[in-house]
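Here is a briefing on a single protein chain. Please look over the fold before reading the points below.

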Amino acid sequence: MLRRLLLTLVLVAAATAPAAQATTSVTLVFTSYTTVTKTHDTAPRGKPNAGDKIEFKDLLVATDNQLGKKKGKPIGFDAGTVVYTSPTKQEIEGLTTIPGVGTLTFGGEMKTMKDGTVHVPIVKGTGSFKGAKGVLIIGEGSQKAPNTYVLRLPHPIAPPGSA
């Protein structure tokens, strides 16, 4: 009898508990074109050292038809600051804006991988990106580079213009 009562309680609890919210995985790939850079080179000048920083702004162009934009068309922009914490390590803080969709905030240590890409945590999002977590993968290139956003969202991305 006690066993049946416990089983009933477990089944009732499972039926009334809210379902775990499924996550949506999204990968977005853009080409990033540098539009503005401003370097703050502290002494000793001419070589990377702690305290140096680079402010940047980039135009993001769709590499495929995505988020309501056709391949090759501007889709958004990003801006931020890279700060050297040592001659070989950097941290970054930035914001990607996709008008009509939302924003993605990225920041933290810039981790260079064996394939030459740099990985940066995505820490939050707004609009259709609300609740986003993931990683920004920055490809190689100085004035032009692929930017891949690998996102986990608590919901599907809303259609463009509804953010």
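Contact here means heavy atoms within 4.5 Å. By that rule, and not counting residues up to four places away in sequence, Gln-90 touches Val-82, Val-83, Tyr-84, Thr-85, Gly-108, Glu-109 and Met-110. The model is predicted: local features need pLDDT of at least 70, side-chain atom pairs count only at pLDDT 80 or more, and totals for chains, interfaces and linings use all residues. Residues are numbered from 1 along each chain as its sequence is written, and side-chain values use heavy atoms, with hydrogens and water left out.

**Overall fold**

- The protein chain has one helix and nine strands; helices (H or I, at least four residues) and strands (E, at least two) are DSSP runs, numbered from the N terminus.
- From the N terminus on, the order of elements is α-β-β-β-β-β-β-β-β-β.
- Of the 163 residues, 32% count as buried. Buried means under 20% relative accessible area, exposed over 50%, and partly exposed in between (1.4 Å probe, protein chains only).
- Among contacts between residues at least 6 apart in sequence, 44% join residues at least 24 apart.

**Strand pairing**

- Two strands pair if DSSP finds at least two bridges between them.
- β1 and β2 pair in the antiparallel sense over 10 bridges. His-40 has Lys-53 of β2 as its bridge partner.
- β2 and β3 are also paired in the antiparallel sense, over nine bridges. Here Phe-56 has Gly-80 of β3 as its bridge partner.
- β3 and β4 form a hairpin with five residues between them. Their antiparallel pairing runs over eight bridges.
- β4 and β5 pair in the antiparallel sense over eight bridges. Leu-95 has Thr-105 of β5 as its bridge partner.

**Two strand residues**

- Gln-90 sits in strand β4. At 17% relative accessibility, Gln-90 counts as buried. Tyr-84 has Gln-90 as its bridge partner in β4.
- Phe-77 lies in strand β3. Phe-77 is partly exposed, with a relative accessible area of 41%.
- Leaving aside neighbours within four places in sequence, Phe-77 is in contact with Asp-58, Leu-60, Leu-95, Thr-96, Thr-97 and Pro-99.
- Phe-77 and Ser-32 are 45 residues apart along the chain, and their C-alpha atoms are separated by 8.2 Å.

**Nonpolar core**

- In soluble globular proteins, nonpolar side chains tend to be buried together.
- A nonpolar core is a set of buried Ala, Val, Leu, Ile, Met, Phe, Trp, Tyr and Cys residues joined through side-chain atoms within 4.5 Å.
- The largest such core has 24 residues; Leu-28, Phe-30, Leu-67, Phe-129, Tyr-149 and Leu-151 have the most contacts inside it. At least two residues of this core come from each of β1, β2, β3, β4, β5 (102-109), β7 (118-125) and β9.
- Leu-67 is buried, with a relative accessible area of 17%.

**Backbone geometry**

- Most residues other than glycine have a negative phi, and most peptide bonds are trans.
- Leu-67 has a positive phi of about 50° although it is not a glycine.
- The peptide bond from Ala-43 to Pro-44 is cis, with omega near -5°. Pro-44 lies in the loop between β1 and β2.
- Gly-100 takes a positive phi near 80° in the hairpin of β4 and β5, which has three residues between the strands.

**Largest pocket**

- On a 1 Å grid over the protein atoms alone, a pocket is an open set of points where a 1.4 Å probe fits, with protein on both sides within 12 Å along at least five of seven lines; lining residues have an atom within 4 Å of a point.
- The largest pocket has a volume of about 570 Å³. Grid points are joined across faces, edges and corners, and a volume is the space filled by probe spheres set on the points.
- Its lining has 25 residues, of which Val-82, Met-110, Ile-138, Gly-141 and Ser-142 lie nearest the centre. Two or more lining residues come from each of β1 (24-40), β2 (53-62), β3 (74-84), β4 (90-98), β8 (133-138) and β9 (144-153).
- By class, the lining has 11 nonpolar, 10 polar and four charged residues. Ala, Val, Leu, Ile, Met, Phe, Trp, Tyr, Cys and Pro count as nonpolar, Asp, Glu, Lys and Arg as charged, and the others, Gly among them, as polar.
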